[in-house]
Amino acid sequence: SPRIILSSRGTIRLQRQFTRRCRLFSSSSSNSATAAAASDGLGFSVASLGLEQSFVQPAVVASIRQLPEIESLYQDKNFGSTAGIENLNRAVDVFASFAKGGREHLAVCALLAESKQRMAEYQDVLEILNEMEELAQQDGSIIPNSFEDLTLAKAKTCWTKGDFDGAAEMCETIISTYDDLEETFPTTNLHMASAMSGKALSQLASMKTMDDAYSVRDYFRIAVKFLERHPPSSNSLPQAAAYGNCGTAEAAYALFLEETNDVSVPMDAALRCWFQGMQHLKGNVPAHLEMSSNTLKANLQTNLAWGVLNYEMDRSDRLEKASDYAKQALSAHDGDGGASVWGMRRVLSTVADCYHQAGSAVTAEGLFQTAIDKKKVFQHPSVLLEFQDSYLSYAKLCENWEKRESDAKRQSDKAMEIENQLPDGWKGKSGIYSSLWFWTPSDFL
């Protein structure tokens, strides 16, 4: 009989842990190691624009915290709230009156953009970033890589709101500076790799035709190969992220062929990429990167569980292997520096699918109910896709349960409600797209 991955006590502990983490702002952690690292900022989030590394340096933070509005934000950690936005708007006005375009003014502008990004106010974000770009160019002391950081931030904002062509165009402004014959480029290897990844993600998300499908995976392979030739010196997290995205592109390609040609496509290529990504996560990372590392681990292990569970039907140990991957994904959420709440709904849903296929419907239902808990929901496409996928999986469980047809319809209707909340470009996307990560250099520095 299949190995059950969690005891009932372990399941209850997991549900409580998820509920507790959902109360925290975005995907920041209150655990000691990560909290210490994030004490001078918004904290880790896959939605981050990556501006803090360049514009919100510790010396500048010490200066802007002299303003009561900013100090209260750092004390209360309420950047992603209406009150937090109001405080930041006042701070922007104050520092602009003293020195518009100065380091303090740019820092609070960066914090305002990051906060509005987490609140899905994308047009406001783009306006702030455009103004920051103009002001940074006027500043006599040029901030290193500020152009690339702002360009990637704008590209990521466009990608998140579903403007994939705009995102790809912005990434291309960085990629175009790469001389592939001489292997030279004027920016850092991480900025170039992030731009390559962003262009790949944009091409994938805009895939509509068979011609698109045949070429879309190439962009991800280019990013992987670039990082092989120009690896970062401090850690291999960018390579893990690149392989993770590459695997998801392979999966999305396979699903696209299934839907458009009614054929069964193996997931071998996707599984290989995700497994290769895991190989780059061996070894220790600095304390401030634990959450980035564990988020990648959880993401990759969840994808491996999903792939094995749904596409390796001939394996005699399919359910046991998928359950083991799911268990490893859960373990990445434990302890100090555990993976962020982003993606945890998908982990829970995958664990629930394992229990469902193992015949433990009651346990599966409890996990699905936790996964669709709407406390502290953020209107980010990845989060909404996770919700939608959980509702659809819950509906399948109810469909196979005697006298639960009405419950199945109710969950399907809720999945459709989520569909209507997605930005236009993200409508119709499979849940596997929620595992994509438009990362920026600051995520791994």
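Student: In which helix does Thr248 lie?
Tutor: This is a predicted model: local features need pLDDT of at least 70, side-chain atom pairs count only at pLDDT 80 or more, and totals for chains, interfaces and linings use all residues. Residues are numbered from 1 along each chain as its sequence is written, and side-chain values use heavy atoms, with hydrogens and water left out. Helices are DSSP runs of H or I, at least four residues, and strands are runs of E, at least two, numbered from the N terminus. On that basis, Thr248 lies in helix α13.

Student: Is Thr248 buried or exposed?
Tutor: Buried means under 20% relative accessible area, exposed over 50%, and partly exposed in between, with a 1.4 Å probe and protein chains only. The relative accessible area of Thr248 is 0%, so Thr248 is buried.

Student: Which residues is Thr248 in contact with, leaving aside neighbours within four places in sequence?
Tutor: Contact means heavy atoms within 4.5 Å. With those neighbours set aside, the list for Thr248 is Trp274, Asn303, Ile432, Ser435 and Leu436.

Student: How many helices and strands are in the protein?
Tutor: Buried residues make up 58% of its 445 residues. The count is 20 helices and zero strands.

Student: How do the directions of α9 and α10 compare: roughly parallel or roughly antiparallel?
Tutor: Axes are lines fitted to C-alpha atoms over the stretch in contact, with angles from 0 to 180 degrees between N-to-C directions. The axes of α9 (residues 146–160) and α10 (residues 164–175) come within 7 Å and cross at roughly 165°. Angles under 35 degrees count as roughly parallel, over 145 as roughly antiparallel, 65 to 115 as roughly perpendicular and the rest as oblique. Therefore α9 is to α10 roughly antiparallel.

Student: Where is Lys77 found?
Tutor: Phi of Lys77 is near 55°, a positive value in a residue other than glycine. Most residues other than glycine have a negative phi. Lys77 is partly exposed, with a relative accessible area of 32%. Lys77 is found in the loop between α5 (68–76) and α6 (82–99).

Student: What is the relative accessible area of Asp262?
Tutor: Asp262 sits in the loop between α13 (237–261) and α14 (268–279). Its phi is near 55°, a positive value in a residue other than glycine. Asp262 is exposed, with a relative accessible area of 71%.
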